Amino acid sequence: MASRRKTKRNQSAQLSEPSGLAIELRDIRRVYGRGDAAVHALRGVTLALPRGSFTAVMGPSGSGKSTFLQCAAGLDRPTSGEVLLGGEPITKLSENRLTQLRRSRIGFVFQSFNLLPSLTVQQNVLLPLRLAGERPDRRRAAALLAQVGLEGHGRRRPGQLSGGQQQRVAIARALITDPEVIFADEPTGALDTGTARDVLGLLRQAVDAAGATVVMVSHDPTAASYADRVLFLADGSLAGELHRPDPQTIADRMVALTAQAGRGGQVSAAA
Ligand code: ADP
């Protein structure tokens, strides 16, 4: 896949980002509510994700996956701790700066596609550039649509496409700004198995061919098996990880974590 800003990005990476990390979380905590009603959704999550990696985040219901994604993507502010995007701390940025940063440096793929029905497919793909105040690069939009298998579909409306095709548009939209990280929230949750596989293949391809960095929250072991690294959350803490696991190994780990969560037990990091 073509990468619009690779040269610039690589130069700046050499100058200011020797670590090669796309995103870092340092002791992220998120408490909802206060006093007796306080819910500790994240209890000190620390991790570093290299550029060009595909990470899946899994965990039982209520383990903190959504909160993790919201905090890491700058959609929510952690109660304490720091998120660094390309080496830059973002947690204390003003709301305006954070919005700008999300538009230009982060891509999003949601379970429900979140395309604007009144815009054409091409206009949807170009929207992040427009919102970021950048030139709408129609050639790049067409190239990305071709890469996700939707050549010639640019003038259609989302309502004329299947769910799988709409998610492909969302992936093209997430790639258009050449973001530092793409966050995918249950991207295959609304798709049938075959279509889900195609969409996961496209995310994998974005990492392998274009050097994108993908962080995906999913409860589906098959989806997670497309990742290089699967991180497990349990009760707001990291509870182990697997590298290049197969779906069965992931499913087994999930069963164990869910059983432990059901018993209200502590999960060891080595689990
Ligand atoms: P998951 O995505 O793994 O299901 P969440 O991040 O949604 O987990 O939730 C983690 C914990 O935080 C849960 O106990 C949940 O009930 C709680 N929680 C999430 N959002 C809020 C909120 N806005 N207010 C209060 N508690 C919340």
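At 33% relative accessibility, Gly-211 counts as partly exposed, a class that lies between buried (under 20% relative accessible area) and exposed (over 50%), with a 1.4 Å probe and protein chains only. Gly-211 belongs to the loop between α7 and β8 (214-217); helices (H or I, at least four residues) and strands (E, at least two) are DSSP runs, numbered from the N terminus. Not counting residues up to four places away in sequence, Gly-211 touches Gly-52 and Ala-206, where contact means heavy atoms within 4.5 Å. Between Gly-211 and Ser-53 the C-alpha to C-alpha separation is 7.8 Å, while the two are 158 residues apart in sequence.

## Basis of the values

This is a predicted model, in which local features need pLDDT of at least 70 and side-chain atom pairs count only at pLDDT 80 or more, whereas totals for chains, interfaces and linings use all residues. Residues are numbered from 1 along each chain as its sequence is written, and side-chain values use heavy atoms, with hydrogens and water left out.

Five of the five residues of strand β3 (residues 54-58) are buried, so the strand is largely enclosed by the rest of the structure. Both faces are covered: Phe-54, Ala-56 and Met-58 lie on one side, Thr-55 and Val-57 on the other.

β3 pairs with β8 in the parallel sense over four bridges; pairing requires that DSSP finds at least two bridges between two strands. Ala-56 has Met-216 as its bridge partner in β8. β3 also pairs in the parallel sense with strand β9 (residues 229-234), again over four bridges, and there the bridge partner of Thr-55 is Arg-229.

## Nonpolar cores

The largest nonpolar core has 48 residues, and those with the most contacts inside it are Phe-54, Ile-171, Met-216 and Phe-232. Such a core is a set of buried Ala, Val, Leu, Ile, Met, Phe, Trp, Tyr and Cys residues joined through side-chain atoms within 4.5 Å. Helix α7 (residues 193-210) gives the most to this core, with seven residues. Another core, of 28 residues, lies apart from it and includes Leu-42, Val-57, Ala-73 and Leu-98.

Leaving aside neighbours within four places in sequence, Met-216 is in contact with Phe-54, Thr-55, Ala-56 and Val-57, and also with Ala-184, Pro-187, Leu-200, Ala-223 and Ala-224.

An open sheet of four strands runs in the order β2-β1-β4-β5, with antiparallel pairing. β2 and β5 (88-89) stand at the edges with a single partner strand each, so one side of each has no neighbour in the sheet. Strand β1 (residues 21-32) and strand β2 (residues 39-50) pair over nine bridges, and Val-31 has His-40 as its bridge partner in β2. The hairpin of β1 and β2 has six residues between the strands, and in it Gly-33 takes a positive phi near 75°. Strand β4 (residues 80-85) and β5 pair over two bridges; the bridge partner of Leu-85 in β5 is Glu-88.

Helix α2 (residues 65-72) packs on this sheet and touches β1, β2 and β4, its direction making about 125° with that of β1. Axes are lines fitted to C-alpha atoms, for helices over the stretch in contact, and angles run from 0 to 180 degrees between N-to-C directions. Six of the eight residues of α2 are buried, so the helix is largely enclosed by the rest of the structure. The buried residues are Lys-65, Thr-67, Phe-68, Leu-69, Cys-71 and Ala-72. Just after α2, Gly-74 takes a positive phi of about 70°.

## Packing of α4 on α6

Helix α4 (residues 121-131) and helix α6 (residues 163-175) pack at an angle of about 35°, with their axes 7 Å apart. Val-121, Asn-124, Val-125 and Pro-128 of α4 make the contact with Val-169, Ala-172 and Arg-173 of α6.

Phe-113 has a positive phi of about 70° although it is not a glycine. Phe-113 is placed in the loop between β6 (106-110) and α4 and counts as buried at 11% relative accessibility. Arg-244, also a residue other than glycine, has a positive phi near 45°. Arg-244 is found in the loop between β10 (237-243) and α9 (247-262), and at 55% relative accessibility Arg-244 counts as exposed.
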